Amino acid sequence: MAGRDIIVIGGSAGGVQALQRIVAALPPQLEAAVFTVVHFPSDSTSFLPQILLRSGRFPAVHPEDGTMIRHGVIYVAPPDRHLTLQHGHVRLSRGPRENGHRPAVDPLFRSAARAYGARVIGVVLSGNLDDGTAGLAAVRRHGGLTVVQDPEDAMYAGMPASAIQNVDVDHVVPAAGIAALLAALVDEPLPPAEAVSEPRDDLEVGIAELEAAALEGDERPGTPSGYSCPSCHGSLFEIQEGEVVRFRCRVGHAFGSDTLLHEQAGAVEGALWTALQSLKERAAMARRMERRMAERGNARSADRFRDQADDADSRASVIREVLRTGASMDQRFEASEEVDQRLAGD
């Protein structure tokens, strides 16, 4: 029986440095395949395989869709493609973004857990927000082992801290100790484990891989949340898995709680800039009409347009102050309520 020979690693900001340290210390005889997702902009060029090849002893590649899985190889998700695992081979797809990213960590972890069960070791490294948390929970649910970089050791603690807070993690270690831990875990005998059937995982992996049945079917995981998707503005469904609460829309965009709050804050800022632009245009138009009425000797109309211009400028100043101060996420939500009240005239 195969041991724990499928290692999946996810990270974001600061993740490359941690990954380099891990790859440099992995023993050459490691009987495992390694798969990694690090967030990159979709339109970027990734040199991560070359970086990892220089750092360690293993070949590192951007695989093609359908590439067969071999021990002793590091498979790196290319930009703008989800990397997922099927039995014996990898899949690449332009499925819906998860946590604002493609590639994202959760689809890799979830698909590995579904395909390989207890053979999987999931590792979450440095990064912001909560990508990787739901995927790590899936690894554990299917009998795999979970490893998280110590948040105190991470350049950015968000992803490791979220994983620890929401998942019963097996090991929390600094980046410098992860390679030795992985080598020890790979060499451990795999305990007997029953196969886990999770229809939700089947559906969500299908969504990431753009399977027609998953995308076109009426079934959606979770229950209606009452919130809208920041990406497409469709309805979001809330999914509760133990301590993990996350959201997915009808067309497949997915968000952890932290990421959804972050995306909503960005939407609030965008709405504020739009409102500021509209108010400044309203003020400018009212000033023009004020001058025209004054030239015609219509003092009453000029006064009315001047009041409208002053009112628009006053409302715009409220929004400008919120934007100027660069408020935190929570402060922006509070400020947006204040703006709503002020713009409504209290």
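Predicted model: local features only at pLDDT ≥ 70, side-chain atom pairs only at ≥ 80, totals over all residues.
Residues are numbered from 1 along each chain as its sequence is written, and side-chain values use heavy atoms, with hydrogens and water left out.

**Confidence**

The mean pLDDT of the protein is 90, and 93% of its residues reach 70 or more; pLDDT is the predictor's confidence in each residue, on a scale from 0 to 100. Over residues 328-346 pLDDT stays under 50, and for this segment the model has 25 contacts beyond four places in sequence, a contact being heavy atoms within 4.5 Å.

**Salt bridges**

The structure holds 26 salt bridges, each defined as a side-chain nitrogen of Lys or Arg within 4 Å of a carboxyl oxygen of Asp or Glu. A network of such bridges links E98, R110, R141, E198, R200, D201, E204, E241, R246 and R248.

| Pair | Closest N to O distance |
|---|---|
| E198 and R141 | 3.6 Å |
| R200 and E241 | 3.4 Å |

E198 forms its salt bridge with R141, and because E198 lies in the loop between α6 (175-187) and α7 (199-208) while R141 belongs to helix α4 (residues 133-141), the pair ties together parts that are 57 residues apart in sequence. Helices (H or I, at least four residues) and strands (E, at least two) are DSSP runs, numbered from the N terminus. E198 is partly exposed at 24% relative accessibility, and R141 is likewise partly exposed, at 26%; here buried means under 20% relative accessible area, exposed over 50%, and partly exposed in between, with a 1.4 Å probe and protein chains only.

R200 meets E241 in a further salt bridge, which links R200 in helix α7 to E241 in strand β11 (residues 235-241), 41 residues apart. R200 is partly exposed at 28% relative accessibility, whereas E241 counts as buried at 13%.

**S162**

S162 lies in helix α5 (residues 158-166) and is buried, at 6% relative accessibility. Leaving aside residues up to four places away in sequence, S162 touches L129, D130, T133 and D258.
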